[in-house]
Every structure is written in C-alpha cells, then in structure tokens.
Amino acid sequence: MKYLADALRLAMEERGLSETDLARETNLRALSIYSALSGREDCNVSTLLMLAERLGMELILVPRGAGVSIKPEGAGGAGTEKNTAG
C-alpha cells in the first residue's frame with residue numbers, strides 16, 4: 001500500500017492539488033483520501049481507482065514474474081523498466 005500511496009501523493013503534488021481538492025472533485029470523503037494517501041491503512045479499490053483516474057493514472061495488474069517493474073517518477077526510476085534478470 002505504501003508504494004501506491006507514494007505514487008498517488010506524488011501525482012497529486014505535481015498537479016498542485018490538495019486532499020481537499022481531491023475530495024471535492026471525486027466526491028470521496030476526506031478521510032477516505034487521507035487513508036489512501038497515508039499508505040498505513042488498506043483502502044477500497046474503488047477509492048484507488050477514482051484517485052488514479054483524477055490524477056491521470058491507471059492501476060494495472062500484471063502476472064507475477066512478468067518481468068516489468070513500474071516505479072513512480074522521482075522514486076529512483078524513470079518510469080517503466082524491464083527486468084532482464086528473468
């Protein structure tokens with residue numbers, strides 16, 4: 001959850017939005033947004049999807065071992081990286 005929360009928070013900050021802005025624009029409760037962005041608590045998948053959509057992101061599920069690592073910009077990577085160590 002921490003990884004997802006960090007990616008969402010980074011996207012929020014890059015767009016100059018606050019948690020209050022996201023609550024107003026997504027019709028989510030402020031507590032739901034705080035929980036999702038804190039990374040300390042589990043949150044609903046629907047909350048993650050709504051936040052991701054508003055922030056211009058999408059949640060992607062891939063099979064384990066697919067060989068792709070996706071990191072948010074600014075988190076030590078420059079986006080999508082192929083894992084060549086099969």
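Predicted model: local features only at pLDDT ≥ 70, side-chain atom pairs only at ≥ 80, totals over all residues.

The side chains of Glu 25 and Arg 54 meet in a salt bridge, with 2.3 Å from N to O, a salt bridge being a side-chain nitrogen of Lys or Arg within 4 Å of a carboxyl oxygen of Asp or Glu. Glu 25 lies in helix 2 and Arg 54 in helix 4 (residues 45–54), so the pair ties together parts that are 29 residues apart in sequence; helices here are DSSP runs of H or I with at least four residues, and strands are runs of E with at least two, numbered from the N terminus.

Residues are numbered from 1 along each chain as its sequence is written, and side-chain values use heavy atoms, with hydrogens and water left out.

Glu 25 is partly exposed at 37% relative accessibility, and Arg 54 is partly exposed at 31%, where buried means under 20% relative accessible area, exposed over 50%, and partly exposed in between, for a 1.4 Å probe and protein chains only.

The structure holds four salt bridges, among them the one between Glu 19 and Arg 9, whose closest N and O atoms are 2.9 Å apart.

Turning to the backbone, Asn 27 has a positive phi of about 60° although it is not a glycine, and Asn 27 sits in the loop between helix 2 (19–26) and helix 3 (30–38).
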